[in-house]
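Student: I am new to this one. Please show me the structure, and then let me ask how its elements get their names.

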Amino acid sequence: MKLFSLPLWASLVFAVATTPSRTTIERNSNPFVSTDGTSFTVNGSDFKYIGTNAYWLPALNTNEDIWYTLGNISALGIRVVRLWAFNDVDTIPVNGTWFQLVQNGTASINDGPNGLQKLDTVIQMAEQHGLYIILSLTNNWYPLPLLNSTVEAINSTIFTRDVTFGTNNSLPRNYLSNDYGGMDLYVRQFGLETHDQFYTHPSILNSFTNFTTQVVSRYVNSPAIFSWELANDARCNSTIAASENCTTETVTQWHATVAAHVRSIDPNHLISAGTSGYMCTDCPKLYPLNPAPAPLISPVPGRKKRSVVAPVTTEQILRQRAESRRRTREAAKLSGTLKQDGVRIRGRWVSTATRRQESQSVGSIYDGSYGVDSQDISNIPEIGFSSFTLFPDQQSYGPIDPNLQPYENTVNTGVDWINIQAQSAAAVGKPLALTGFGLVTQASAADFVPFNTTTAPYAPDISSTTTNSTYGVTNQQQTDAYSTWLNAGISAGLNGIIQYQVCIIPCAVS
């Protein structure tokens, strides 16, 4: 995945730094990041930021690697780094970093120099560089890699993995973001069958909260911690399927339970969910918006207060999609490029049954199909801010408009997704951060590994050095899409924007 060009990154830093903040009246000075309504604050001042994902930081080989990587990140103007505070294994590796051994229904924590002491080093050095760290406590994704692979390592200077059952030695352990253990490792090692048992089984809950206690208690007084992210992309299913009993309430209740546990240990730092922003507009809520959110204060002194921000509804989504499609149809008519998306009957175009069904459905990102209701999770009292991600190569964010090119559809549905998330967060009355976004280019397609696999689908065959695929956008299209999304995010009032990752060292695209 091609990352920001330096000019685009510099313009983003400038744009975020100069975005007007609403006027505030006396705030208590606090070295920890906190919130005031829909804003982040540090030492009494509003805090907006750009950031990067660097899940791999604690897995770097030496302290010098960590120090110089953080220094390079800081030099780019980045303020926040999001990384994994977990590294679970089911067999102690011969080399490399690991934090916790989960095996046969028991768990033991590695507090040694290749264990949590590596995370200590990251936090200490982040403090020295003036950086804030979002620490994610587990991952929804942990697909089993190839078994007993004999494929050569991608880079002879990086140690290969042990050729043991359940490992893939074509990539070093911890190279991919989904190769750090997580929920499915617990489920397998506790002898269970469905992914959502991670959220409900008492033994797993006890084991996970024990690990959480060990990590959170280490940094209660560190000003470098931005927030505790409970999980990366939690949902009902993963590589292991969900049970029939998993609903949005299952996932929401887990977040509420773990958030309360973290708050009981750490009164200083924010807590966030780490979901991808999926909603369920018609699902029952464990934490309904009742009473309705308070009106937002105008950023310009003297103006009237804005009206209450309503939560996102099914009717609104369908209405906005219909209006957007009407506008593109009218534009296509004027340009003579109109594409009909139905069947012609007696000289008239009529929508097909499939098309009619699509027009009446909000789709999986809004109907609770993933078992996630981000609005309900964001409204948990201990959750400090809302978050979401934007990865069009791995998730569709809306129906395809036949009168737009595929690239235009990708960009436009991304903008719509950003605006919908901003509305939802405003309805809850909390800040909003985009915690990961990316778009695969043709140049990087061969290295792209989706989050639920261990292989690159567009990589060349072993017998070939080239790929027949032209998957991905051009470098310029990626730059333009990023610019559009970033401007949309700033206009929508996002408080933080985090790109997928900045490759200060060679890194994976998963």
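This is a predicted model: local features need pLDDT of at least 70, side-chain atom pairs count only at pLDDT 80 or more; totals for chains, interfaces and linings use all residues.

Student: What makes β7 and β8 a pair?

Tutor: Strands pair if DSSP finds at least two bridges between them. Strand β7 (residues 100-103) and strand β8 (residues 106-109) have four bridges, in the antiparallel sense. So they count as paired, by the cut-off of at least two.

Student: Why are β11 and β14 said to stand at the edges?

Tutor: The open sheet has eight strands, in the order β11-β10-β9-β5-β4-β16-β15-β14, with parallel pairing. β11 (270-272) and β14 (386-390) each have a single partner strand, so one side of each lacks a neighbour in the sheet.

Student: What joins β4 to β16?

Tutor: Four bridges join these parallel strands. Gly-51 has Ile-498 in β16 as its bridge partner.

Student: How do you know that the span of α11 agrees with its number of residues?

Tutor: A helix is a DSSP run of H or I, at least four residues; a strand is a run of E, at least two. The expected span is 1.5 Å times one less than the number of residues. Helix α11 (residues 406-428) has 23 residues, so it should span 33 Å. Its end C-alpha atoms are 33 Å apart, which agrees. Just after α11, Gly-429 takes a positive phi of about 90°.

How values were computed
Residues are numbered from 1 along each chain as its sequence is written. Side-chain values use heavy atoms; hydrogens and water are left out.
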